[in-house]
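Hello,

My notes follow below it.

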Amino acid sequence: MPETKEGSSAATNRTVVARKSDRELVVTRTFNAPARIVFEAWSKPELFKQWWIPKSVGMSLLSCDMDIRTGGTYRLVFSHPAFDQPMAFFGTYNEVTPHKRLVWTNEESDQGAVTTVTFEENAGKTLVTFHELYPTTEALEEALAGSAEGLPEQFAQLDELLAGRS
């Protein structure tokens with residue numbers, strides 16, 4: 001776990017990961033930046049690439065194609081030394097409301113979640129709520145054992161990126 005300086009936003013803003021039902025995962029964190037800046041980090045590929053992969057997992061993001069608009073699509077291609085072939089994650093943006101809300105599908109398998117991210121600004125800080133609804137309990141269990149473990153690290157990396165932008 002990286003050290004945090006006393007009084008830094010990483011020391012005061014905690015990422016909370018909670019299972020809300022047998023198919024839902026909700027992650028929240030407050031960032032010390034206005035919603036438009038936080039939204040940019042989620043919607044501009046050049047920024048998204050800088051924080052989305054937890055550094056500790058040893059993966060590389062080979063490509064990041066994002067058409068951020070309602071009906072637009074995304075495709076992220078990752079590699080890892082343990083994988084024979086790169087892995088692609090892709091889907092469609094069902095809703096894009098700038099600085100407020102993103103909703104996308106995860107279409108790489110029939111067990112992919114629908115992800116909703118909301119951005120609520122208050123006094124120059126932004127509460128981000130990351131909500132995933134899975135089609136089955138088993139799909140959520142698999143996510144909790146895998147990719148969801150990296151969310152606190154990802155959000156800490158986003159916090160670092162935002163510290164240099166706001």
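β3 (60–66) and β4 (residues 73–79) pair in the antiparallel sense over six bridges. Pairing takes at least two DSSP bridges between two strands. Strands are DSSP E runs of at least two residues, and helices are H or I runs of at least four, numbered from the N terminus. C64 has L76 in β4 as its bridge partner.

This is a predicted model: local features need pLDDT of at least 70, side-chain atom pairs count only at pLDDT 80 or more, and totals for chains, interfaces and linings use all residues. Residues are numbered from 1 along each chain as its sequence is written, and side-chain values use heavy atoms, without hydrogens and water.

The open sheet has eight strands, in the order β1-β2-β8-β7-β6-β5-β4-β3, with antiparallel pairing. β1 (16–19) and β3 stand at the edges with a single partner strand each, so one side of each has no neighbour in the sheet.

Helix α5 (residues 151–163) lies across β1, β2 and β8, at about 25 degrees to β2. Angles run from 0 to 180 degrees between N-to-C directions, with axes fitted to C-alpha atoms, for helices over the stretch in contact. Contact means heavy atoms within 4.5 Å. Buried residues (under 20% relative accessible area, 1.4 Å probe, protein chains only) in α5 include L151, F155, L158 and L162.

What does W51 touch? Leaving out residues up to four places away in sequence, W51 touches A41, W42, Q154, F155, Q157, L158 and L161.

Best regards

How values were computed:
Buried means under 20% relative accessible area, exposed over 50%, partly exposed in between (1.4 Å probe, protein chains only).
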